[in-house]
Amino acid sequence: MKQPINIGGLDLEIHIEQKGDSGPALLMVHGIPTNSRLWRHAQASLSDRYQTYAMDMVGYGQSSMPLDQFTHSLTNQAEAIKAVIEGLGLAGNVILVGHDHGGGACQIFASKYVDLISRLVLINPVAWDYWPVLEVEAFNGLVGAPDEVLGQAMAQAAASFHGLLLMGSHDKIAFTDKNVKENYLSFWARGPGFTGFKSLIHVCSEPSNEETMSVDHSKITCPTMVCWALHDAWMPVESGRRLKDAISGPTRFEIIERAGHYVLEDRPDAVVDLIDDFVTEWANVDSVTLKS
């Protein structure tokens, strides 16, 4: 489904994969360089008892790719999350779940609009000064490059992309060639021209740790769960522990064994079990009272 939104006067469309039509609502936000399909296994397991909505952030997957018309900051992505929640009629009654870059946007969102969510789940999110990582910063040199240069760079990036995903995985089994091509690489080829790849360059080149360092975590007052895949090659466990200490609402911290950064591919079963347990833990508690 497509959800129309408006950010700073710019009309955009957000692609959303919806599974399940009853129970608590979950809005799932992916990171760099993935898209809503990162959540497909978790959605399949949760859809019998939850309403699940996995969104492509602006510039990703099948959502609008506005390129130079849009600043691809975590703050603007947080505004997109707000517009999606309001557009879907979920304000105040949705559990926000974010991974990686999406988890960074979710932190900013929750620090500004905590009343629009009932709970927050952060899964190996970007945070503090551990962001951006070298693989993301490498795209900075391609901003504004001519198409002939982009063509060569895209071929090189596509050839190394599988290895990048494997580096973010623990057992390496999940990222088959078929998985990588169908669920991730295919969106780089969106046209016209090199639009998909140009969009990837933009989303990689604009984030900075100024945003992650300036989040006021004391304003995140809703029940929160921080989950950390133990074998993350980019985001260290201490980042998650710092988040637990900084967030002022009731916060639990969970370690996921035998999983790398892309834990939704490695161990979706573990993520689903933790979400289920977290929702059950707060099922009969008035979260509005906890925020106050």
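Colleague: Which residues does Ile81 touch, leaving out those up to four places away in sequence?
Modeller: This is a predicted model, mind you. Ile81 touches Leu27, Val29, Met55, Leu96, Ala105, Cys106 and Phe109.

Colleague: And how many residues does the largest nonpolar core have?
Modeller: That core has 102 residues, and Ile81 and Phe197 are those with the most contacts inside it.

Colleague: Switching to helix α7, is it enclosed or open?
Modeller: Largely enclosed by the rest of the structure, because nine of its eleven residues are buried. Phe197 is one of those buried residues. The cover over them includes α4 and α5.

Colleague: What does Lys198 pair with?
Modeller: Lys198 forms a salt bridge with Asp147, at 3.3 Å from N to O. Asp147 sits in α5 and Lys198 in α7, so the pair ties together parts 51 residues apart in sequence. Lys198 is partly exposed at 28% relative accessible area, and Asp147 is partly exposed at 37%.

Colleague: New topic: which salt bridges does Arg252 make?
Modeller: Arg252 bridges to Glu254 at 2.8 Å and to Asp277 at 2.9 Å. The Asp277 pair links strand β8 with helix α11, 25 residues apart. Arg252, Glu254, Asp277 and Glu281 are linked in a salt-bridge network.

Colleague: Is Arg252 buried or exposed?
Modeller: Arg252 counts as buried, because its relative accessibility is 16% and the cut-off is under 20%. Asp277, at 43%, counts as partly exposed.

Colleague: Where is Thr224 found?
Modeller: In strand β7. Thr224 is buried, at 0% relative accessible area, and its contacts include Arg252 and Phe278.

Technical notes: Residues numbered from 1 in each chain as written. Predicted model: local features only at pLDDT ≥ 70, side-chain atom pairs only at ≥ 80, totals over all residues. Heavy atoms only, no water. Core = buried A, V, L, I, M, F, W, Y, C linked by side-chain atoms within 4.5 Å. Buried < 20%, exposed > 50% of the residue type's maximum accessible area, 1.4 Å probe, protein only. Contact = heavy atoms within 4.5 Å. Helix = DSSP H or I, 4+ residues; strand = E, 2+ residues; numbered from the N terminus. Salt bridge = Lys/Arg side-chain N within 4 Å of Asp/Glu carboxyl O.
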